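Trainee: Could you take me through this model? I would like to begin with the overall fold and then turn to details.

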Amino acid sequence: MAAMESRSQRFAQRAAIVTGAGQGIGRAIALRLAREGAAVVVADLNAAQARSTAAAIEAEGLQARDVVVDVTDAADVKSMVASAVQFYGGVDVLVNNAGVLRSTAVAGISPEEWDLVLNVNLKGAFLCAQAVLEPMIARNGGRIVNMASMAGRATSTLGGAHYTAAKAGVLGLSRHLAREWAPHKINVNAVCPGIVDTPMVRESIDEERMTRVLAAIPFSRLADPDEIASLVCFLASDEAAYITGASVDIHGGEMIIQ
Ligand SMILES: NC(=O)c1ccc[n+]([C@@H]2O[C@H](COP(=O)([O-])OP(=O)(O)OC[C@H]3O[C@@H](n4cnc5c(N)ncnc54)[C@H](O)[C@@H]3O)[C@@H](O)[C@H]2O)c1
């Protein structure tokens, strides 16, 4: 019981920013961090969704503030981090979760669509990490968890080449940040989910395709967003103090049979 209690308070006195926290995986991460004691900044492009996640956290008597941000916009990102410092006095954890998926085949990808997918998934993670560097140094360390994908380790099941390239980029960015910022005691890791049951997936897959997708997963089911949140929170916690520069797969066995 004592162990469970201390585990449930892994983020007491800590401030966390979760991008793309308005729905899906980000919402599950924000809720989980708050339940384990964190004061959370729920950051999303969609104001109503961000408010909805923050309201769900507040309804449990926990701490959350919603912030509207476009992670591709450097000024927006700086203002998001400034808000976190203003609300909570600093930043201890950043989860770079915001992402967009596009499934267009290579021949049809416009330069604009390429830029959107690379900007949200990769440049956004870079801008947010860059913006929390000083606040994390001021706290004598921090934790950054970047949402990559199995797409970045192999090729995307649902997304196009731009999505695969962006997520591979997230893995490279994570390794580089881990190395460069280790002297600041900032751990940087990436997670690589398989297919997770979120609006992003439900919007890009029909029933017939879902049957084929499930047949390729040894566990015969999609991941639940809470299962990804569980891994992210572990990497953001003191239990993972000696882990940095890692990418952790979580895919129900899908990758072992590819
Ligand atoms: N669902 C999956 O199967 C899966 C698998 C591997 C990786 N991922 C990654 O996990 C992350 C979350 O995915 P999800 O399935 O929960 O997606 P989702 O589409 O359900 O949610 C993504 C959230 O990001 C927000 N967002 C989009 N663009 C933004 C921007 N420019 N600035 C700020 N916020 C923005 C959206 O408003 C939305 O709330 C993404 O990075 C995704 O690529 C998802």
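Trainee: In what order do the seven strands of the open sheet come?
Mentor: The order is β3-β2-β1-β4-β5-β6-β7, and the pairing is parallel. Strands here are DSSP runs of E with at least two residues, helices are runs of H or I with at least four, and both are numbered from the N terminus. Two strands pair if DSSP finds at least two bridges between them. This is a predicted model, in which local features need pLDDT of at least 70 and side-chain atom pairs count only at pLDDT 80 or more, while totals for chains, interfaces and linings use all residues. Residues are numbered from 1 along each chain as its sequence is written.

Trainee: Let us turn to β5. Is it enclosed or open, and why?
Mentor: Strand β5 is largely enclosed by the rest of the structure because six of its six residues are buried. A residue is buried if 20 or more other C-beta atoms lie within 10 Å of its own, exposed if 12 or fewer, and partly exposed in between, with C-beta atoms placed from the backbone.

Trainee: And which way do its residues point?
Mentor: Gly142, Ile144 and Asn146 point one way from β5, and Arg143, Val145 and Met147 point the other way. In a regular strand the side chains alternate between the two faces of the sheet.

Trainee: Which strands does α5 lie across?
Mentor: Helix α5 lies across β1, β4, β5 and β6 (186-193), at about 175 degrees to β4.

Trainee: Now the ligand. Which residues come nearest?
Mentor: Of the 32 residues around the ligand, Gly20, Gly24, Gly99, Thr198 and Met200 come nearest. A residue is near a molecule if its C-beta atom, placed from the backbone, lies within 6 Å of it. The elements that give two or more residues to this shell are α2 (24-35), α5 (111-138) and α8 (199-202).

Trainee: Where does Leu101 lie, and is it buried or exposed?
Mentor: Leu101 lies in the loop between β4 and α5 and is buried, with 22 other C-beta atoms within 10 Å. Beyond its neighbours within four places in sequence, Leu101 is in contact (C-beta atoms, placed from the backbone, within 7 Å) with Leu158, Gly159, Tyr163, Met200 and Ser204.

Trainee: What about Thr104?
Mentor: Thr104 lies in the loop between β4 (93-96) and α5. It counts as partly exposed because it has 16 C-beta neighbours inside 10 Å. Leaving aside neighbours within four places in sequence, Thr104 is in contact with Ile109, Glu113 and Gly160.

Terms used:
Two residues are in contact if their C-beta atoms, placed from the backbone, lie within 7 Å. Axes are lines fitted to C-alpha atoms, for helices over the stretch in contact, and angles run from 0 to 180 degrees between N-to-C directions.
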